[in-house]
Amino acid sequence: MDFLPLFHSLQGRLALVVGGGEVALRKARLLADAGARLRVVAPQIHIELRHLVEQGGGELLERDYQDGDQPGCALIIAATDDEPLNAEVSRAANARGIPVNVVDAPALCSVIFPAIVDRSPLVVAVSSGGDAPVLARLIRAKLETWIPSTYGQLAGLASRFRHRVKELLPDLQQRRVFWENLFQGEIAERVLAGRPAEAERLLEERLAGGLAHIATGEVYLVGAGPGDPDLLTFRALRLMQQADVVLYDRLVAPSILELCRRDAERLYVGKRRAEHAVPQDRINRLLVELASQGKRVLRLKGGDPFIFGRGGEEIDELAAHGIPFQVVPGITAASGCAAYAGIPLTHRDHAQSVRFVTGHLKDGTTDLPWQDLVAPGQTLVFYMGLVGLPVICEQLVAHGRSAQTPAALIQQGTTAQQRVFTGTLENLPQLVAEHEVHAPTLVIVGEAVQLRDKLAWFEGAREDA
Ligand code: SAH
């Protein structure tokens, strides 16, 4: 970092502007906006600059600059087209330890002006350290469109209530939760919708109520999708970036976990098949405990939380304890893997329905309603089907599905490690052994699998069989 960004208080303090033209005027306006008293020195002074100085009760010195103009100033700007003079102003300011800015001459500056988005009291400053001012301005333009103009009012509201909230919530963590909720909740929505008085009334009501209920935590049950971070939803990402604690399991890819708030606590709760690092009831209890401490808890699950994710059980416990929660759907492995393997799950000619089936039942067996699964015109997608695969293939054939029915194995679908193997119900278990296929793997069975020959597009690990 070549420059340390700091915000400079100039309220009521004297700022010297050397120069009387358009450029000086632009800088002088900024200084006046920040509450500075202006001393402008130049043989000729632009009419608007003159007005600005007069309005603010500043000093107009219509003559050449003199060294004696500097003392008592908190900031000095040189904005003339006389290079030696600019250099002289800079040298003298540096000798006195007064911050100085020379327009368009970064080498002579001890302070530089950033590009600014002003939503006072909220101010965003962007700087390239003088190296690429156009880039800084482009970024500023993006921020201008991204930060609603009413954000300033929101910050103003926060500033008016800051001390009261601090008294009511002495605990820092609780206060942070309070403000984050406020800036993203219904009060903020009203300000942004142009109803600030209503927002203020609502906040008053909350404060009168003692805030206790606001400081309770909440749980976000979020689907992280099948692996590729690009498949996250906007809401998932937003909640990932505001949660205080993250509970995740094996299915969540490290590249996704990286997108969580940097200082969030991360708890691994495991779940390898037959190796439950933290038993499900313990996870359920942990969610309740953490949220009761006022934390915003992110329960991050692979795929979709409501598809073979036991998400229902987790929020059941939360509901029983009156803990607020929200559920964010994710792209389930069936959609993600099928898309990235080029296998449409339905197709007018081959499959009029699709069925998601678990290959691993609660009692550890693979005892499925086989008769239903052999009906023609349907694609079957087996989750957790690897261990029971020989039984699955055998039973489907035994109940009438052709041994030549196309079938696919998709390991680590949607990631750079994706491997896809296609075969038939007859040879699928053999492919697993031959290619050392391991979890997480999805099994797709049905005529639509053959479309992969034409529709495959994603390369993955290029180990296709
Ligand atoms: N809730 C998850 C499923 C959890 S069950 C979802 O909606 O996707 C775990 C099973 O999902 C795994 O055994 C595997 O069959 C499947 N699975 C999840 N992610 C996968 C991936 N990226 N590639 C292949 N299979 C996956």
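The model is predicted.

Start at the ligand. The shell around the ligand counts 18 residues. Among these, Pro226, Asp304, Ile307, Thr332 and Thr441 come nearest. What is the make-up of this shell, in nonpolar, polar and charged residues? It divides into 11 nonpolar, 6 polar and 1 charged.

Now look at the polar atoms. Glycine 302 has a polar backbone atom 3.0 Å from a nitrogen atom of the ligand. At glycine 413, a polar backbone atom is 2.8 Å from a ligand nitrogen. How much of the ligand does the protein cover? On its own, the ligand has 550 Å² of accessible area, and the protein covers 92% of that. Two elements each give two or more residues to the shell: helix α13 (333-341) and strand β17 (441-445).

Stay with methionine 384 for a moment. This residue sits in the loop between β14 (378-383) and α15 (389-398). What is its phi? Phi of methionine 384 is near 50°, which is a positive value in a residue other than glycine.

In the loop between α16 (428-434) and β17 lies proline 440. A cis peptide bond joins alanine 439 to this proline, with omega at about -5°.

The peptide bond from serine 120 to proline 121 is cis, and its omega is near 5°. Proline 121 has its place in the loop between β6 (115-119) and β7 (122-126).

Next, turn to the helices. Take α1 (residues 22-33) and α2 (residues 47-55). Their axes come within 9 Å and cross at roughly 20°. An angle under 35 degrees counts as roughly parallel, so α1 is roughly parallel to α2. Their crossing is left-handed.

Move on to α5 (residues 151-168) and α6 (residues 172-184). These helices pack at about 155°, and their axes are 12 Å apart. How do the two run relative to each other, roughly parallel or roughly antiparallel? Angles over 145 degrees count as roughly antiparallel, so that is the description for α5 and α6. Here α5 passes α6 in a right-handed crossing.

The last pair is α11 (residues 280-292) and α12 (residues 311-320). The angle between them is about 40°, with the axes 9 Å apart. That angle makes α11 and α12 oblique to each other. The crossing of α11 and α12 is right-handed.

Conventions. Residues numbered from 1 in each chain as written. Predicted model: local features only at pLDDT ≥ 70, side-chain atom pairs only at ≥ 80, totals over all residues. Heavy atoms only, no water. Near = heavy atom within 4 Å. Polar contact = N/O pair within 3.5 Å; in protein donor to acceptor, adjacent residues only side chain to side chain. Areas by Shrake-Rupley, 256 points an atom, 1.4 Å probe, with all protein chains shown as cover. Helix = DSSP H or I, 4+ residues; strand = E, 2+ residues; numbered from the N terminus. Nonpolar A, V, L, I, M, F, W, Y, C, P; charged D, E, K, R; others polar. Axes fitted to C-alpha atoms, helices over the stretch in contact; angles between N-to-C directions. Parallel < 35°, antiparallel > 145°, perpendicular 65-115°, else oblique. Left-handed = near helix turned anticlockwise from the far one by under 90°.
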